[in-house]
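Open the structure in your viewer and keep the selection tool at hand. The tour goes from stop to stop.

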Amino acid sequence: MPDDRNRYETIAGELFVTPAPSLRHQAVLARLHLAIGPYVERHQLGNLLFAPLDVVYGPMTLVEPDLLFVSSKRRQVLTEREVIGAPDLVVEVLSPSTARTDRGRKRALYQETGVREYWIVDAERNRVEIWRPGTKEAEVRTDVVHWTPDPSIEPLTIDLAAIFKPV
């Protein structure tokens with residue numbers, strides 16, 4: 001793919017090209033990483049990684065989530081250059097150019113491939129939609145998100161007002 005600041009992804013052979021993200025998108029993504037990262041490190045839960053990093057589902061499907069988590073128990077899906085298979089958590093911060101794909105094709109892909117939680121972060125509406133395999137509707141959060149990557153550890157509570165504060 002060309003090095004032109006666009007993001008290139010394929011889902012079942014269909015090419016998706018999106019422009020570089022906005023300042024608001026990047027600020028929200030950074031705040032999420034800063035909220036989740038110390039919790040993951042403190043409890044030695046696995047790897048929290050952000051784009052650009054490819055998630056490969058086969059020769060015709062490659063996506064690049066904004067943020068992803070792979071538990072220590074599933075570390076074998078991580079290679080030096082990519083993730084081979086489903087992460088445990090995928091986070092996409094919506095942009096006008098990605099909203100349709102994030103809510104449609106990517107949501108279906110992540111639900112079908114066993115991503116335990118898929119968060120669609122809507123910075124315009126200050127909310128997070130949480131999708132899990134087999135669900136027909138998202139759990140919509142506007143106040144806090146409770147994340148439980150390991151049931152033996154107290155959940156992480158993320159204050160969404162802090163995530164969505166103005167840039």
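The model is predicted: local features need pLDDT of at least 70, side-chain atom pairs count only at pLDDT 80 or more, and totals for chains, interfaces and linings use all residues. Residues are numbered from 1 along each chain as its sequence is written, and side-chain values use heavy atoms, with hydrogens and water left out.

**Aromatic pairs.** The whole structure holds four aromatic pairs. Rings of Phe, Tyr and Trp (its six-membered ring) pair if their centres lie within 6.5 Å; planes under 30 degrees apart count as stacked, over 60 as edge-to-face and the rest as tilted.

Select F69 and W147. Their ring centres are 5.1 Å apart and their planes are at 90°, so this pair is edge-to-face. Both F69 and W147 are buried (under 20% relative accessible area; exposed is over 50%, partly exposed in between, with a 1.4 Å probe and protein chains only).

Next, select Y110 and Y118. With ring centres 4.7 Å apart and planes at 65°, this pair is edge-to-face. Y110 and Y118 are both buried.

Now show Y39, F69, W119 and W147 together: they form one aromatic cluster.

**A charge over a ring.** Select R107 and W131. The charged end of R107 sits over the ring of W131, 4.4 Å from the ring centre. For this, NZ of Lys or CZ of Arg must be within 6 Å of the ring centre and within 35 degrees of the ring normal.
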